[in-house]
Amino acid sequence: MNFHTRKWVKPEDLNPNGTLFGGTLLRWIDEEAVIYAIVQLSNPHVVTKYISEINFVSSARQGDIIELGIIATHFGTTSITLACEVRNKITRKTILSIDKLVFVNLDENGLPVPHGKTEITYAYMSIDTPKLKHD
């Protein structure tokens, strides 16, 4: 599982107990997962269909840096299924896991349409760096 997105837990993200509000974390997960699905399916018209049991196993506090990991686990005809893990960046302790998030590929009219994908696509950015001169 690749962990690309990191979030810094700030005061506005906390619940009355002083820990990360679950709803805020779920919003971050849904946003990260739909971006992952859009990239994998090469289509900006993707919607969340289903999220399985959400297992909160520990909490995050103000100042913690957390990271979200997403991986594709299944490609359906019109859907993609993902798994997610959220963990503390420093301690690597799992905060939450979700076994199944299902997203559906849509056409311009909002109807499910086959995507034709069968495996994970990795998008790499190419960055040109200036060449250093040596004496």
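## Basis of the report

Contact is defined here as heavy atoms within 4.5 Å. This is a predicted model, in which local features need pLDDT of at least 70 and side-chain atom pairs count only at pLDDT 80 or more, while totals for chains, interfaces and linings use all residues. Residues are numbered from 1 along each chain as its sequence is written, and side-chain values use heavy atoms, with hydrogens and water left out.

## Confidence

The pLDDT, the predictor's confidence in each residue on a scale from 0 to 100, averages 90 for the protein, and 90% of the residues score at least 70. Where pLDDT is low, the predicted coordinates should not be read in detail.

## The nonpolar core

A nonpolar core is a set of buried Ala, Val, Leu, Ile, Met, Phe, Trp, Tyr and Cys residues joined through side-chain atoms within 4.5 Å. Buried means under 20% relative accessible area, exposed over 50%, and partly exposed in between, with a 1.4 Å probe and protein chains only. The largest such core holds 26 residues, of which L25, I29, I66, L82, V86 and F103 touch the most other members. At least two residues come from each of α1 (22-41), β4 (65-75), β5 (79-88) and β6 (94-105), and α1 gives the largest share, 8 residues. Helices (H or I, at least four residues) and strands (E, at least two) are DSSP runs, numbered from the N terminus.

Apart from residues up to four places away in sequence, L25 touches L20, F56, I66, V86, I95 and L96.

N15 lies in the loop between β1 (2-8) and α1 and is buried, at 18% relative accessible area. Beyond its neighbours within four places in sequence, N15 contacts L20 and F21. A polar atom of the N15 side chain lies 2.8 Å from the backbone nitrogen of N17.

V102 belongs to strand β6 and counts as buried, with 13% relative accessibility. Its C-alpha is 9.7 Å from that of A72, 30 residues away in sequence. Neighbours within four places aside, V102 is in contact with V47, T48, K49, Y50, S79, I80 and T81.

H115 sits in the segment after β6 and is buried because its relative accessible area is 12%. The H115 side chain reaches the backbone oxygen of S79 at 2.8 Å. Residues up to four places away aside, H115 touches L41, F75, G76, T77, T78, S79 and N105.

Key. Polar contact = N/O pair within 3.5 Å; in protein donor to acceptor, adjacent residues only side chain to side chain.
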